Amino acid sequence: MASPTPNWLTGFRFAVHAIAGRGWSVKESRGSIRLSVRYGAEGKGSSVTLPLEWGAHSVKPALDLIGRLHRATTIGNRSLRDALRLETAPDTANVDSRGQWAQLVDAFRHDLKTHDRIKASTWTDTYGRFLAAAVAELEAGRPPTNGYDLISRVLMPWAAMPRSRVVAVNAICRWLDFGIDHHGLSDSWRVSASSRKRLKGRVVPGDRREKTTLTDTEILQLIASISNEPWANALKLLALYGLRPEELNHLEARVDPRSGELRMWCGYEKVCGRGSTPPRWLFPVPLHDAGGEPVLWNLVGAMAIGQLPLPPLSDKYALGTFLRRSPAWQELVDSYKARGLWVRPYSLRDAYATRAHQRVPNTAAISTAMGHSLRVHSDSYISATEDTTAEAFDAIG
């Protein structure tokens, strides 16, 4: 009569299937763990002996190793034997060895701060979290030995997040290129253009979203639903002046020396490429109500006398967080999502651009008023909708 399967072995086999799939299995071989991989209809595959003793005490390290082998073979396209060889190769001391990766991150951050003038929030969102994960992998017991393998490991938590995958690949590749070009890192860490594209992954239907612009009526109804006066004022400013959310922190009422009139001034300088956008005067484009009448908000006058309270906006995500809690906003999001369209806080800025194009024939003037280049404006902002296009041509006669 065969001996019953011990509980630890049942759990071990189940965990292997959960990590790598049913084509992966383990058994005892001369006192060690034998890992087998089968794939395809014909059951072809390969087997390797892991450098671990057969027994309950080896389950955890074995599962960790099998997880890394699975990533190396499925994402890194290595053979099972090559993947195991790299995992079990002895560490060597060289310029790429662990202990220096964190220093390379610090040097990279200093370079970006000095030459690209990035903000702390940009570092955190675009680089910091991904490079922290990369350093953790590189300082692990069996670190990756090339850039492709490193990024493959780092991407695992973001596998189902297409935008994060792209940002992570770009960040890590730029960091590695910096190390190769300026700090003696081996060129073996360079990731080719074709490999970068593969790591970013294929964009599947649903990943790409088409932006839309809100109508004046929708914006006015949204603002009317907000009982919190500071937040209602913030939305009015965004809609009337076409602001970026961050620019709410940089507004003041000033007298325009050219006209002697009170006008809104924005002191925000957005970092872009190797430079930044200049501070600018703002130009309101009033919204119209359902009856076609202009809605006149004297926001600059209210600000001049200290009667325009605004919410705390030190957190860059504050506006998005507030709007997600608004039933009226969520209704707009759901309504447009059902049509395959994307509504976001920047949709108020998009709506400003569309209104401006109805009334101002000079596109360069509109782009300057919005604080970006003509090229950025043409590439990124909606200048017309089906309704505004029809209105424009109907007016011809």
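Guide: Let's begin with Arg30, which sits in the loop between β1 (24-29) and β2 (32-39). Please keep in mind throughout that this is a predicted model.

Visitor: Is Arg30 buried or exposed?

Guide: Arg30 counts as exposed, because its relative accessibility is 86% and the cut-off for exposed is over 50%.

Visitor: And what about its phi?

Guide: The phi angle of Arg30 is near 55 degrees, which is a positive value in a residue that is not glycine.

Visitor: Which C-alpha separation do you have for Gly23 and Tyr39?

Guide: Their C-alpha atoms are separated by 6.1 Å, although Gly23 and Tyr39 are 16 residues apart along the chain.

Visitor: OK, zooming out. How many helices and strands does the protein have?

Guide: There are 17 helices and 10 strands in the protein. Of its 397 residues, 41% are buried, and among the contacts with a separation of 6 or more, 60% are between residues 24 or more positions apart.

Visitor: Pick a helix for me. What does α2 look like?

Guide: Helix α2 covers residues 59-74, which makes 16 residues, and from its first C-alpha to its last α2 reaches 22 Å, close to the 22 Å expected at 1.5 Å a residue.

Visitor: Which residues of α2 are buried?

Guide: The buried residues of α2 are Val59, Ala62, Leu63, Leu65, Ile66, Gly67, Leu69, His70, Arg71, Ala72 and Thr73.

Visitor: Now packing. How do α7 and α8 cross?

Guide: The axes of α7 (residues 162-182) and α8 (residues 193-200) come within 9 Å of each other and cross at roughly 150 degrees, and α7 and α8 are therefore roughly antiparallel to each other. The crossing in which α7 passes α8 is right-handed.

Visitor: Which residues make that contact?

Guide: On the α7 side they are Arg165, Val166, Val169, Asn170, Cys173 and Asp177, while α8 provides Arg196, Leu199 and Lys200. Sorted by class, the contact of α7 with α8 has 4 nonpolar, 1 polar and 4 charged residues.

Visitor: What about α9 and α10, how are they oriented?

Guide: Helix α9 (residues 216-224) and α10 have axes that come within 9 Å and cross at roughly 160 degrees, so α9 and α10 are also described as roughly antiparallel to each other. The crossing of α9 and α10 is left-handed. The contact is formed by Ile219, Leu222 and Ile223 of α9 together with Ala232, Leu235, Lys236 and Ala239 of α10, and its residues divide into 6 nonpolar, no polar and 1 charged.

Visitor: At what angle does α10 pack with α14?

Guide: Helix α10 (residues 229-241) and helix α14 (residues 347-359) pack at an angle of about 35 degrees, and their axes are 7 Å apart. From α10 the contact takes in Leu235, Leu238, Ala239, Leu240 and Tyr241, and from α14 it takes in Leu348, Tyr352 and Arg355. Here the classes come out as 7 nonpolar, no polar and 1 charged.

Visitor: And Ala351, where does that lie?

Guide: Ala351 lies in helix α14, where a relative accessibility of 1% makes Ala351 count as buried. Beyond its neighbours within four places in sequence, Ala351 is in contact with Thr213, Leu214 and Ile219.

Visitor: Last one: where is Tyr268 found, and what does Tyr268 touch?

Guide: Tyr268 is in the loop between β6 (262-266) and β7 (271-272), and Tyr268 is buried, with a relative accessible area of 8%. Not counting residues up to four places away in sequence, Tyr268 touches Lys119, Arg244, Glu246, Glu247, His250, Thr277, Pro278 and Pro279. For one of these, Pro278, the C-alpha atom is separated from that of Tyr268 by 7.5 Å, and the two residues are 10 residues apart along the chain.

Definitions and conventions:
Residues numbered from 1 in each chain as written. Predicted model: local features only at pLDDT ≥ 70, side-chain atom pairs only at ≥ 80, totals over all residues. Heavy atoms only, no water. Helix = DSSP H or I, 4+ residues; strand = E, 2+ residues; numbered from the N terminus. Expected span 1.5 Å × (residues − 1). Buried < 20%, exposed > 50% of the residue type's maximum accessible area, 1.4 Å probe, protein only. Axes fitted to C-alpha atoms, helices over the stretch in contact; angles between N-to-C directions. Contact = heavy atoms within 4.5 Å. Nonpolar A, V, L, I, M, F, W, Y, C, P; charged D, E, K, R; others polar. Parallel < 35°, antiparallel > 145°, perpendicular 65-115°, else oblique. Left-handed = near helix turned anticlockwise from the far one by under 90°.
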